[in-house]
Amino acid sequence: LCGDLKMQLPFLFSLLCLQVIKCKAAVLWEANKPFSIEEVEVAPPKEHEVRVKIMATGICRSDDHVITGAMVMPFPIILGHEAAGVVESVGQGVTAVKPGDKVIPLFVPQCGECKNCLNTKGNLCIKTDLGSSAGLMSDGTTRFTCKGKPIYHFLGTSTFTEYTVLHESAVAKIDPAAPLEKVCLIGCGFSTGYGAALQTAKVEPGSTCAVFGLGGVGLSVIIGCKVAGASRIIAVDINSDKFAKAKELGATDCINPKDFNKPIHEVLIEMTGGGVDYSFEVIGRTDTMTAALACCQFNYGVSVIVGVPPAAQKITFDPLLLFTGRSWKGSVFGGWKSKDAVPKLVADFMKKKFVLDPLITHTLPLTKINEGFDLLRTGK
């Protein structure tokens, strides 16, 4: 009996903590406006939910897409989806984590029961809020309120807040020794780019790759291509200031489309004698998506869309590009099954199989989040 009681102590402690928490959060009240630092109320976790104290969160272009309207979500909302934190309390039925565990929130959850989770080829769990624009927990309600108004969630994570609530399928327990201010990038940007190369494209040793867009995710693609053994990695960006970092992480060539009088796909085809084996669009523009496809080797080249496509835009391309044998793929969260892969990726980082420090350019407090987004938009 004493042994059973001891095992239940973490859960009993969690029950004592099940009360509303007041904390600071960056609330976006409407599109194309700055974040407002507000005091919000964070409700206790319900059944199969986890409340997490966010210790570090990254800024991702996908968050900015909501601000500009390129990704349609309801307002007011707490954005953020790339983070790491510590479990504060758990709801009834939660067994995977306990208070005190270090975790990474998962904007692509892994329920382990849906068709995509059960299929070895898929990773986009049906419980994800990606594409649904619901902004609510699975029971159709929110756990955030501010000034008496309900605040919507973002991608089931909402990490621009000191505390958040997630479904247990959207939380991965990680090594307690991991530095949260670094491994938070495994919650989105790094895993997305690294996995696009290793999981989705399956880049082969000796191959040639082109990476369009040298933000954090594009640089992570370069890391993945290098780890996979690519012999040539061509980095493409209109901001030449990003070339030094790209070369530091493994790019062999860096080119700026503005330096040429011909389409960039023609430049790449000439550079490689027929096109690259693998290309990655890590920007989220339809024109660069078609350029990335066109620069692939005409018969067996593979192009991967990694950047989030803009809402309500269509893409037009010559079907002959695919008829000759090229493959066009999409990749969400790098193709990783999140709950399984994230702890392993953290373990690989701890073993120094890859680096994250070069991807971190600035460290700011939550109160300066608007400055952080200004840095993102200016390419810094």
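Guide: One term to begin with: the bend at a residue is the angle between two axes, one fitted to the seven residues ending there and the other to the seven starting there. Keep in mind that this is a predicted model.

Visitor: Where does H5 bend, and by how much?

Guide: The bend in H5 is at Gly195 and comes to about 45°.

Visitor: How many residues does helix H5 have, and how far does it reach?

Guide: Helix H5 covers residues 189-201, which is 13 residues, and reaches 17 Å from its first C-alpha to its last. That is close to the 18 Å expected at 1.5 Å a residue.

Visitor: How many residues of H5 are buried?

Guide: The count is 11 of the 13, so H5 is largely enclosed by the rest of the structure. Among the buried residues are Phe190, Tyr194, Thr200 and also Gly195, where the bend sits.

Visitor: What covers the buried residues of H5?

Guide: The cover includes strands E4, E13 (278-281), E14 (302-305) and E15 (327-330), together with helices H6 (216-228) and H11.

Visitor: And what comes just after H5?

Guide: Lys202, which takes a positive phi of about 55°.

Visitor: New topic. How many salt bridges are there?

Guide: The count comes to 16. One of them joins Glu88 and Arg51, with the closest N and O atoms 2.6 Å apart.

Visitor: Is Glu88 buried or exposed? What about Arg51, buried or exposed?

Guide: Glu88 counts as buried because its relative accessibility is 17%, and the cut-off for buried is under 20%. Arg51 is buried too, at 0%.

Visitor: Which residue does Arg61 meet in a salt bridge?

Guide: Arg61 meets Asp64, at 3.4 Å from N to O. Both lie in helix H2 (residues 61-68), three residues apart, or about one turn of the helix. Arg61 is partly exposed at 35% relative accessibility, while Asp64 is buried at 5%.

Visitor: Which salt bridge links distant parts of the chain?

Guide: Take Lys182 and Asp357, whose closest N and O atoms are 3.1 Å apart. Lys182 is in helix H4 (residues 180-183), and Asp357 is in the loop between helix H11 (338-350) and helix H12 (369-377), 175 residues apart. Both count as partly exposed: Lys182 has a relative accessibility of 23%, and Asp357 has 41%.

Visitor: Which residues do salt bridges with shared partners join into one network?

Guide: Lys46, Glu49, Asp139 and Arg143.

Visitor: Let's switch to sheets. What is the order of the open sheet of four strands?

Guide: The order is E1-E2-E6-E7, and the pairing is antiparallel. Strands E1 (21-27) and E7 (149-151) are the edges, each pairing on one side only. Neighbouring strands are turned by 45° against each other on average, direction ignored.

Visitor: How many bridges join E2 to E6?

Guide: Two bridges join strand E2 (residues 36-42) to strand E6 (residues 144-146), and the strands run antiparallel.

Visitor: What stands opposite Val42?

Guide: Phe144, in E6.

Key. Residues numbered from 1 in each chain as written. Predicted model: local features only at pLDDT ≥ 70, side-chain atom pairs only at ≥ 80, totals over all residues. Heavy atoms only, no water. Salt bridge = Lys/Arg side-chain N within 4 Å of Asp/Glu carboxyl O. Buried < 20%, exposed > 50% of the residue type's maximum accessible area, 1.4 Å probe, protein only. Expected span 1.5 Å × (residues − 1). Contact = heavy atoms within 4.5 Å. Pairing = 2+ DSSP bridges. Axes fitted to C-alpha atoms, helices over the stretch in contact; angles between N-to-C directions.
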